[in-house]
Amino acid sequence: MSEYLFIPDENGVEQKFEILYEFERHDTGQKYLLVVPADNMDDDVEEQEVYAFRYRDENDQLTLEMIEDDQEWEMVEEVFDTWLSNEF
């Protein structure tokens, strides 16, 4: 069963995203989400744009953070590529 997340765009309009994968780095405790726009989910589409966020979940309040560090991006891409190769 799919899980969804609503993220406001630059105009404050909430967009629906499907959560593809989430993981935690055990060495830092940082948590990450990989999501795709839910409105664009189509089995016939070969490529989907995937967004990655670092997140904190405190008191049932989810806070998304942008990933701006190049080394952190590389780690997230590596985890995503590994997950993708195992899924498909």
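Tutor: Let us begin with one side chain. Arg56 counts as partly exposed, because its relative accessibility is 35%; buried means under 20% relative accessible area, exposed over 50%, and partly exposed in between (1.4 Å probe, protein chains only). This is a predicted model, in which local features need pLDDT of at least 70 and side-chain atom pairs count only at pLDDT 80 or more, while totals for chains, interfaces and linings use all residues. Residues are numbered from 1 along each chain as its sequence is written, and side-chain values use heavy atoms, with hydrogens and water left out.

Student: With which residue does Arg56 meet in a salt bridge?

Tutor: Side chains of opposite charge can pair when their charged atoms come close. A salt bridge is a side-chain nitrogen of Lys or Arg within 4 Å of a carboxyl oxygen of Asp or Glu. Here Arg56 meets Glu65 at 2.6 Å, N to O. Glu65 is buried, with a relative accessible area of 19%. Salt bridges with shared partners join Arg54, Arg56, Glu58, Glu65 and Glu72 into one network.

Student: Where in the chain do the partners Arg54 and Glu65 lie?

Tutor: Helices (H or I, at least four residues) and strands (E, at least two) are DSSP runs, numbered from the N terminus. Arg54 forms a salt bridge with Glu65, their closest N and O atoms being 2.7 Å apart. Arg54 belongs to strand β4 and Glu65 to strand β5, so this pair ties together parts 11 residues apart in sequence. Arg54 also meets Glu72 in a salt bridge of 2.6 Å, N to O. That pair links helix α1, which holds Glu72, to strand β4, 18 residues away.

Student: How many strands does the open sheet have, and in what order?

Tutor: Strands of a sheet pair through backbone hydrogen bonds, either parallel or antiparallel. Two strands pair if DSSP finds at least two bridges between them. This open sheet has five strands in the order β1-β2-β3-β4-β5, paired antiparallel. β1 (4-8) and β5 (61-65) stand at the edges with a single partner strand each, so one side of each lacks a neighbour in the sheet.

Student: Which residues make up the largest nonpolar core?

Tutor: In soluble globular proteins, nonpolar side chains tend to be buried together. A nonpolar core is a set of buried Ala, Val, Leu, Ile, Met, Phe, Trp, Tyr and Cys residues joined through side-chain atoms within 4.5 Å. The largest one consists of nine residues: Phe23, Tyr32, Leu34, Ala52, Ile67, Met75, Val76, Phe80 and Trp83. Its largest share, four residues, comes from α1.
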